Amino acid sequence: MRLVWVELCKLLRLPSARAGVALGLLCAPAIAAVSAPSERSAAVDVAFLELMFGVIGAILLGVVAVSSEYRDDGEEAASTRQIVASLTAVPSRMRFLAAKAVALALTVGTTALLATAIMLTLLAGTGENLGPGVVGRGVGLIVYWVLTALIAYGMTLLTRNGIVPLVVLLLNSSVVSFTYLLSRVVPAANYFPDLAGPHMFLRDSPSGVEIGPVTGGLVMLGWTIAFLAVGAYRFQRSDA
Amino acid sequence: MRQGLIRLHCGVIEIENVSKRRGRVTVLDGVSFVARPGRVTGFIGPNGAGKSSTLRILLGLDHAQEGRALVDGSPFTALRRPLTCVGAVLDGSGAHRSRTGRAHLRWVAASNGLSRRRVEEVIELAGLESAAGKHVRGYSLGMGRRLGLAAALLGDPGVLVLDEPFNGLDAGGVRWVRDLVRTRARAGGTVLLSSHLMSELAEIVDDVVVISGGRIAARGTLDDVTGGHGSLEDAYFALTSS
């Protein structure tokens with residue numbers, strides 16, 4: 001518990017991590033504010049689609065949690081790689097990684113909960129019917145954000161540098177979705193984590209392939225475990 | 001003094017037959033030595049001789065292919081609150097540029113269950129009172145060194161491991177580190193420090209370990225190693241050039 005608290009303090013004092021929280025909170029309301037109301041979809045479905053994009057905040061947090069440990073400002077700088085301080089204070093690498101993962105999940109989960117609450121409260125304020133199962137969809141969205149952050153975390157444990165995972169994950173979830181394009185050609189690509197996961201809270205699937213919310217969540221969980229396992233293996237085995 | 005007793009029990013560093021390769025390059029080849037409580041052990045050698053690699057293996061940061069490095073008979077990675085046993089400064093402060101010095105010390109302290117009061121004490125000890133509230137990106141190299149030492153002293157450890165502690169320090173800083181090292185050893189602590197500068201070490205070390213090309217070239221008391229060479233500096237060049 002002590003180590004989780006330490007990792008929370010370390011993470012939330014970083015400006016880039018605070019930007020991740022802000023992005024997560026503000027992304028969906030900002031998109032909602034600039035886009036015209038849709039005639040064809042129910043307002044609550046649109047809200048969940050907008051909330052999906054807030055996941056970029058979760059990605060940023062997942063990447064920064066690791067890349068901040070390896071930041072090197074060169075020989076003349078007083079700041080040096082934090083991983084040395086981290087592992088001399090907490091030499092058990094698995095305890096360190098686990099505490100960091102829990103701190104990340106708590107931060108992202110809380111951010112997702114607040115973002116969802118804000119959007120749904122705004123929506124309810126306009127007299128919109130949120131429909132049945134809205135709580136389950138909200139939980140699904142929170143799980144989606146947390147698992148995405150953990151995938152980014154595992155990926156950055158492999159690369160150490162934040163740039164590659166940031167570019168790949170942010171582009172894919174905002175500008176051009178490579179996985180989505182691939183899924184138009186290869187149906188199995190629908191089981192990529194970023195396509196399977198949203199079935200936890202989106203009602204009509206953009207790809208047309210039907211995956212149930214629980215199945216989507218389990219598929220994404222499998223991916224997350226795989227990324228974490230590979231990242232942790234690399235972290236445990238290699239020199240810091 | 002209970003704490004004095006604990007110190008004596010937390011002190012012996014043993015490096016046993018440690019070998020490390022990176023790819024095809026042999027970085028360390030059967031390195032063995034002991035650093036004992038109550039003594040300052042100087043670990044000297046040219047740049048790239050394997051000093052930092054040895055210290056990184058001691059602290060569990062790097063893995064050795066062979067041999068082991070122990071603190072009081074157990075690997076550093078097995079310690080639950082390592083800061084109370086071993087204080088270390090390797091390549092700088094280990095602080096992220098966006099943190100203040102105080103914030104850095106606070107998380108390090110919290111990770112080992114040490115108090116915020118202790119954080120203020122080491123800030124004073126390291127002469128960082130005016131810098132502690134500022135971001136580390138604004139620190140000079142010397143202030144970064146002081147911050148690293150402050151973190152190493154948080155747990156009042158019996159063992160200090162310092163890699164090139166004089167790099168980047170001004171005259172006042174060099175003197176502070178020398179006094180610190182001598183005081184800790186006199187109080188029963190173990191100090192292992194590496195340097196490639198002989199002049200800084202001759203006056204403060206009791207024991208010397210000379211490393212060259214990943215192998216131990218000499219080890220013993222200062223007199224043992226310098227015997228027949230005139231000075232530590234002469235001994236160093238004679239031992240490391242061969």
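I began with strand β3 (residues 40–44) of chain B, which pairs in the parallel sense with strand β7 (residues 190–195) of chain B over 5 bridges. I count two strands as paired if DSSP finds at least two bridges between them, and I take helices (H or I, at least four residues) and strands (E, at least two) as DSSP runs numbered from the N terminus. Within this pair, Thr41(B) stands opposite Leu192(B) in β7(B).

Before going on, I noted that this is a predicted model, in which local features need pLDDT of at least 70 and side-chain atom pairs count only at pLDDT 80 or more, while totals for chains, interfaces and linings use all residues. Residues are numbered from 1 along each chain as its sequence is written, chains are lettered from A and ligands numbered from 1 in the order in which they are written, and side-chain values use heavy atoms, with hydrogens and water left out.

**The sheet around β3(B)**

I then looked up the whole sheet, which is open, has 6 strands in the order β5-β6-β7-β3-β8-β9 (chain B), and shows mixed pairing. At its edges stand β5 (86–89) and β9 (215–221) of chain B, each with a single partner strand, so one side of each has no neighbour in the sheet. Neighbouring strands are turned by 10° against each other on average, direction ignored. Helix α9 (residues 232–241) of chain B packs on this sheet and touches β3, β8 (207–212) and β9 of chain B, its direction making about 30° with that of β8(B). For these entries, contact means heavy atoms within 4.5 Å; axes are lines fitted to C-alpha atoms, for helices over the stretch in contact, and angles run from 0 to 180 degrees between N-to-C directions.

**A second sheet in chain B**

Chain B also has an open sheet of 3 strands, ordered β2-β1-β4 with antiparallel pairing. Its edge strands are β2 (25–35) and β4 (66–71) of chain B, each pairing on one side only, and the twist from one strand to the next averages 20°. Strand β1 (residues 13–22) of chain B pairs with β4(B) in the antiparallel sense over 5 bridges, and I found Ser19(B) opposite Glu66(B) in β4(B).

**Two helices against α6(A)**

Helix α1 (residues 2–12) of chain A packs with α6(A) at an angle of about 60°, their axes 8 Å apart, and that makes α1(A) oblique to α6(A). The contact includes Leu8(A) and Leu11(A) of α1(A) and Phe96(A) and Ala103(A) of α6(A). By class, the contact of α1(A) with α6(A) has 11 nonpolar, 1 polar and 4 charged residues.

Conventions. Angles under 35 degrees count as roughly parallel, over 145 as roughly antiparallel, 65 to 115 as roughly perpendicular and the rest as oblique. Ala, Val, Leu, Ile, Met, Phe, Trp, Tyr, Cys and Pro count as nonpolar, Asp, Glu, Lys and Arg as charged, and the others, Gly among them, as polar.
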